[in-house]
Amino acid sequence: MQRTTVGTERNGMVSMLVMRKRYYVYVNSLANVDLMPCGVPDLQFESIEMPITLAQYELLAHSGQDPRQWHLAPSSDNATPKSFVFVTTSHGTLVNVTGMTVTRQGSVYSQIHTFWPPFREDRSTLYAGYSETAADYRRKGVYTWVHGMIFSWAERNGFERVILLEGEDQPGPRSSQDKLGSSVVAETCHVTLFSGLRSRYRAHVWVTNPCVMRLLRASRS
């Protein structure tokens with residue numbers, strides 16, 4: 001799930017009440033992941049374990065502060081919540097930050113059973129948050145390289161799969177997931193009601209019903 005500057009489609013007064021965006025649910029089983037080439041030299045990759053939820057990670061990441069300065073205590077083996085922040089640098093300069101969690105409660109992934117019925121929650125699954133690449137390093141293969149490194153790291157550390165959400169307006173990350181062997185297992189649509197009002201009045205709904213999905217697609221054409 002990569003932060004994007006592409007705006008979700010808006011259309012007059014309707015957009016003040018309802019805003020929608022389709023997502024694809026990907027699963028990577030961590031088997032035979034190849035590390036893709038990257039146009040940025042001398043990349044250094046590290047993982048930082050933190051006792052935070054995915055939502056807390058995203059709040060911290062959106063603040064713009066370097067994750068290496070968050071100074072959160074490492075989580076214990078049985079801690080809840082527990083997330084991982086993957087930091088990639090080049091010559092000490094921050095290139096990419098990506099967050100993933102083993103704690104789906106309190107995030108969009110709490111509804112994963114509706115997105116992907118075969119899913120059963122366990123501690124061997126990682127759920128992906130957004131991935132942010134610094135502006136000077138975009139379009140150089142960083143997202144693909146970072147996720148290849150994360151998938152390899154996850155396999156070495158006993159995880160069995162990574163579940164990701166990629167938006168319809170994110171062709172780059174979706175292409176990267178295809179290259180890395182991830183598979184689309186479901187589609188969902190995020191609907192924001194009262195989108196033009198202040199945030200505390202907004203309502204967020206994840207739609208997975210096939211009939212409703214078809215209606216939403218038709219209304220956007």
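Predicted model: local features only at pLDDT ≥ 70, side-chain atom pairs only at ≥ 80, totals over all residues.

Student: Where is Ser 83 found?

Tutor: Ser 83 belongs to strand S3, which covers residues 83-90. Its surroundings include Ile 48, Glu 49, Met 50, Ile 52, Thr 53, Leu 54, Met 100 and Thr 101, with which Ser 83 is in contact when neighbours within four places in sequence are left aside. The C-alpha atoms of Ser 83 and Pro 51 are 6.2 Å apart, although the two residues are separated by 32 places in sequence.

Student: Is Ser 83 buried or exposed?

Tutor: The relative accessible area of a residue decides the matter, and buried means under 20%. Ser 83 has a relative accessibility of 2%, and therefore counts as buried.

Student: How should I read the pairing of strands?

Tutor: In general, the strands of a sheet are paired through backbone hydrogen bonds, in a parallel or an antiparallel sense. Here, S2 and S3 are antiparallel and share eight bridges. Ser 83 in S3 is the bridge partner of Met 50.

Student: What is the order of the strands in the sheet?

Tutor: The sheet is open and has eight strands in the order S2-S3-S4-S5-S6-S1-S7-S8, with mixed pairing. Its edge strands, S2 (43-50) and S8 (203-207), each pair on one side only. On average, neighbouring strands of this sheet are turned by 25° against each other, direction ignored.

Student: Which helices lie across these strands?

Tutor: Helix H4 lies across S1, S2, S3, S4, S5 and S6, and runs at about 45° to S4. Helix H5, residues 171-179, lies across S1 and S6, at about 150° to S6.

Student: How is a helix such as H4 to be read?

Tutor: An α-helix has 3.6 residues a turn, so residues three or four places apart point the same way. H4 comprises residues 142-156, and its 15 residues reach 21 Å from first C-alpha to last, close to the 21 Å expected. The helix is mostly covered, with 11 of the 15 residues buried; among them are Tyr 143, Trp 145, Phe 151 and Trp 153.

Student: What follows H4?

Tutor: Gly 158 follows, and its phi is positive, near 90°. Gly 158 is also one of the residues in contact with Ser 124, together with Phe 159, Glu 160 and Arg 161, neighbours within four places in sequence being left aside. Ser 124 itself lies in the loop between helix H3 (112-115) and strand S5 (125-133). Its relative accessible area is 12%, so Ser 124 is buried as well.

Student: How does one read a nonpolar core?

Tutor: In soluble globular proteins, nonpolar side chains tend to be buried together. The largest nonpolar core of this model has 51 residues, and those with the most contacts inside it are Tyr 57, Tyr 109, Leu 126 and Ile 163. H4 supplies the largest share of this core, seven residues. The contacts of Tyr 57 include Ile 52, Trp 70, Val 85, Val 97 and Tyr 130.

Student: How many helices and strands has the chain?

Tutor: It has six helices and eight strands. Of its 221 residues, 47% are buried. Among contacts with a separation of 6 or more, 74% join residues 24 or more positions apart.

Definitions and conventions: Residues numbered from 1 in each chain as written. Heavy atoms only, no water. Helix = DSSP H or I, 4+ residues; strand = E, 2+ residues; numbered from the N terminus. Expected span 1.5 Å × (residues − 1). Buried < 20%, exposed > 50% of the residue type's maximum accessible area, 1.4 Å probe, protein only. Contact = heavy atoms within 4.5 Å. Pairing = 2+ DSSP bridges. Axes fitted to C-alpha atoms, helices over the stretch in contact; angles between N-to-C directions. Core = buried A, V, L, I, M, F, W, Y, C linked by side-chain atoms within 4.5 Å.
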